[in-house]
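Hello,

Here is the structure I promised to pass on to you. Please have it open while you read, as my notes follow below.

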Amino acid sequence: MSVLGWTFAAPALLWGLLALPILWLILRAIPPAPIRRRFPAVVLLLGLDDKTRTADRTPWWLLLLRALAIAAAIVGFAGPTRAPLGDSAPSDRPLLIVMDGGWAEAQDWPALRAIALQDLADAGRMGRSAALLRLTDPPQPPEWQSADALRGALAAAQPAPRAPADFAGWAALLGDGPFDTLWISDGLNHAGRGDLLAALQVKGRVDVALPARAPLGLAPATFDKGNILLTALRQPSAAAQEITLLAMGTAPDGSEAELARTPARFAAGSGRATARLSLPPELRSRITRLEIEGQRSAGAVSLTDDTLTRRKVAIISAAADTEGLQLLSPTHYLTQALAPSSDLLTGSIAQALAQGPDTIILADVAKIGADESAALTEWITQGGTLLRFAGPRLAGAEFDNGQDPLLPVRLRAGGRATGGAMTWGEAKALAPFAPASPFAGLTIGPDVTVSAQVLAEPDPTLIDATLAALTDGTPLVTRKKLGAGQIVLFHVTANAEWSTLPLSGLFVQMLERLAVASRSAGATQAEVLGGGPWQPQRLTGAFADMDDGTALAGVDGDALWRALQTEPSADVPAGLYLGAQRSVALNIIGAADTLSAFDWPESVVLRGPNQAPPAQGKGPLLAAALVLLALDILASLALGGRLMRGVGVVALALLLAPSPPAQAQDSASDFAALRATRGVVLAHVITGDAELDEIAQAGLRGLGDVLAYRTSIEPEPPVAVNIETDDLDFYPFLYWPISASQPLPSPAAVEKLNRFLRTGGMIMFDTRTGDLTSGPEQDMLQLLTTGLDIPPLEPLPQDHVLTRSFYLTSSFPGRYEGAPVWVEAAPQAAADAPEGMPFRNLNDGVTPVIIGSNDWAGAWAMDENFMYLLPVGRGFAGEEQREYAFRFGVNVIMHVLTGNYKSDQVHVPALLDRLGQ
């Protein structure tokens, strides 16, 4: 029901307004209560003139006040709602909610769905029927039902990791009859959107809700001159924008971690931003996906396949390797250069082809059989790279018709010296690489020279085939494209016999550029169609999350190839697919895709999450009713002469009410106590050094994340405690980093700390210097522990429970390692402990203190994005040290929480033996 632009959730309650005239008559007929006065005698009434008159009817203004209060309550409970200014009047036609439902809406999905739910609620208040269409589903006619029945389906709706499709099919199934449309759209210019919009406008009014933020996309990564080339997409905008691209992959411990990051900048008016990542092969092969930081949509993620992983390279030589002359072997330098980044294959050409290599290298192989030549040609056409090196055999070979089809250029028949190689009086240097060469940008050292080579026959196409040349223009490396693959020839040997190139770092870089290029174009049609069925491994979710796809049925190569050429679908979702020979990544954004905004006509009402919500009249009207009723009470008291008495009662009640400030003073401590008792809370002592306290907080946060991931302990967020004012009884563990400038605790704080130690708490003192023998932090540690009831200590023994409470470990590093770690000594050494009992017995076997200098919090410290804040060691050795630091931290917390449980395990054999007796 709509009245003057207002709709009502319960319009039937408005019929109660008709009762107001009847209520007016009833209230008017009932006079106010009479005033009773007592007099000592009737005689005293004689001659009195009563100046106070009591009306026989309720005053009209009081009746109006009460009528307005009741009317406001009735209208308020009816739930009035008014759309924002600018929207047209509500309609009585059915409401069709159309949702693109694709990846581009995921970033603002909750807000967009809230708009749809609000419009659906308004339709329900007006008794309109409704239907829901999701354009990522197969086309189907609208199913009209009540708005309340549709609410559950709409509330549970989620975007799909694909784009909306088949707009023409949806337009053909809209049916007859008028209706209004709310279109929840991603705003992108999908093919066919205009046709569906025209069909919807014929039916009635169309409102379009758009995301508050334009979506961003990430195209598949490619290789360009040895670097990973990343391309981000957006709708062209007049404003410049900078984003961060992340490379995610597998850490040494098997967990997912951020391997690299790089900024990318959209220029003003541009819809593309590019960035380059230069990573070593062993790190690049661990990348599993690339993503845009802060974007929660499938389009902002690009999965990687064999393009970035270790390649299979077959190295084949015509000469038998001599065991005593490894440096003269044709394949020695090739093996040394490619072994760190590739899986090397050996054997014959047929054996190598059977293993599905990415690159085949022939070192001075002159004659290739007809069958092997045909197989090689087919393999190259499908995307392989054949890399050949010259030598005495190739220089002296004679080919049919003077041309080998598996060579990029024709070799000169004459002009060769003995052995088939050309010689000069002095060695030649390499010329700078051309900008179009795959070697462009590589530095040529002065030590790289060529003393002999095979010559290419002059040809008009020789310049285009040349990738590298000598200073006199003689081609050194030539290439020929063959189908999707290529043939490359080095006109020198693969060893140092003809040139110093294999002895230089340039040789490794040139091989890397060529080996990487073998997969830069992605999967070929022949590989996909012949590699099925393709089993999904990981699927990309709409919100950029990864789902396990191994339980799904495989996809045939034809369907996967069509999806690679077009876009993912419900039958072939975006994700990583594994075939017989390789893996293929199907991403939301393709290499040739662009993002552009759809041009909505002026007849469409554009809305968004930032639009003002509909005005709700229920709250203000009920508040007005309460105010009017309060005024009615005051007016009634005034008419009856009891106003001052009522005011006095209210004032007395306010005076006797408890003081709010007293409760406010305790609220902070009560909140801290409630927070600390919800679960395990790790705490650190405030030192007064802001940077040190921040590292301690981040360290405990990182340790808590590791505990939650690896154990059954799920700590609450860590807290910082002030030992002077905060209650320590709620915390099982305190980390105390030592600063040379922190204040000494007061006697009351010392007593509080002693009580904490005696009742099962643990304090980990950390000087963070890697040295406990001297220094200002060591001096401050001695001052801080003066007065603390610390038992006798000893270096942490190898059989201590801390070495096996969760992990078996013999080292206890932080950012530093090797310094001793001190714990409570064994009971025999602690016989003279305070109160006649060692702490080991008081605290259920838990050492009350751990004293060290390894800076454990620095090794544990992570930010909110799970990035480590401080470095540990160098390379993989540092990562291993950080891992052992986390293991020690897990052992400490498990030791605190389980007491002597692990220590008692050593007695299990004896107990079992006794039970057996």
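Which residue in strand 16 is the bridge partner of Glu291? The partner is Val301.

Before going further, two notes on how to read this. The model is predicted, so local features need pLDDT of at least 70 and side-chain atom pairs count only at pLDDT 80 or more, while totals for chains, interfaces and linings use all residues. Residues are numbered from 1 along each chain as its sequence is written, and side-chain values use heavy atoms, with hydrogens and water left out.

**An open sheet**

The pair above belongs to an open sheet of four strands, in the order 13-12-15-16, with antiparallel pairing. (Helices, H or I with at least four residues, and strands, E with at least two, are DSSP runs numbered from the N terminus; two strands pair if DSSP finds at least two bridges between them.) At the edges stand strand 13 (256–266) and strand 16 (301–303); each has a single partner strand, so one side of each is left without a neighbour in the sheet. From one strand to the next, the twist averages 20°. (Axes here are lines fitted to C-alpha atoms, for helices over the stretch in contact, and angles run from 0 to 180 degrees between N-to-C directions.) Strand 15 (residues 287–292) is joined to strand 16 by three bridges in the antiparallel sense.

Next, have a look at strand 34 (residues 733–737), where five of five residues are buried. (Buried means under 20% relative accessible area, exposed over 50%, and partly exposed in between, with a 1.4 Å probe and protein chains only.) Phe733, Tyr735 and Pro737 point one way from strand 34, and Leu734 and Trp736 point the other way.

Strand 34 runs parallel to strand 32 (residues 681–685), and two bridges join them. His684 is the residue opposite Tyr735 of strand 34. Strand 34 also runs parallel to strand 35 (residues 762–766), this time with five bridges, and Leu734 has Ile763 of strand 35 as its bridge partner. Together with helix 20 (residues 747–758), strands 34 and 35 make a right-handed β-α-β unit. (A crossover is right-handed if, with the strands pointing away from the viewer, the path from the first strand over the helix to the second runs clockwise.)

**Helix 2**

Helix 2 (residues 60–77) has 18 residues and reaches 26 Å from its first C-alpha to its last, close to the 26 Å expected at 1.5 Å a residue. (The expected span is 1.5 Å times one less than the number of residues.) Its buried residues include Leu62, Leu65, Ile74 and Val75.

**Two residues with positive phi**

Ala544 has a phi near 70°, a positive value in a residue other than glycine. Ala544 lies in the loop between strand 26 (535–540) and strand 27 (546–548), and counts as buried at 14% relative accessibility. Arg768 is not a glycine either, and its phi is positive at about 65°. Arg768 sits in the loop between strand 35 and helix 21 (776–785) and is partly exposed, with a relative accessible area of 24%.

**Salt bridges**

How many salt bridges are there? The count comes to 21, where a salt bridge is a side-chain nitrogen of Lys or Arg within 4 Å of a carboxyl oxygen of Asp or Glu.

One of them pairs Arg193 with Asp100, with the closest N and O atoms 2.8 Å apart. This pair links distant parts of the chain, 93 residues apart: Arg193 is in helix 6 (residues 193–203) and Asp100 in the loop between strand 4 (95–99) and helix 3 (109–125). Arg193 counts as buried at 0% relative accessibility, and Asp100 is also buried at 0%.

Glu258 and Arg261 meet in another salt bridge, 2.7 Å from N to O. Glu258 is buried at 18% relative accessibility, whereas Arg261 is partly exposed at 39%.

Asp364 forms a salt bridge with Arg393, the closest N and O atoms being 3.6 Å apart. Asp364 lies in the loop between strand 19 (359–363) and helix 10 (370–381) and Arg393 in helix 11 (residues 392–396), so the pair ties together parts that are 29 residues apart in sequence. Finally, salt bridges that share partners join Asp119, Arg205, Asp207 and Arg607 into one network.

Enjoy exploring!

Best wishes
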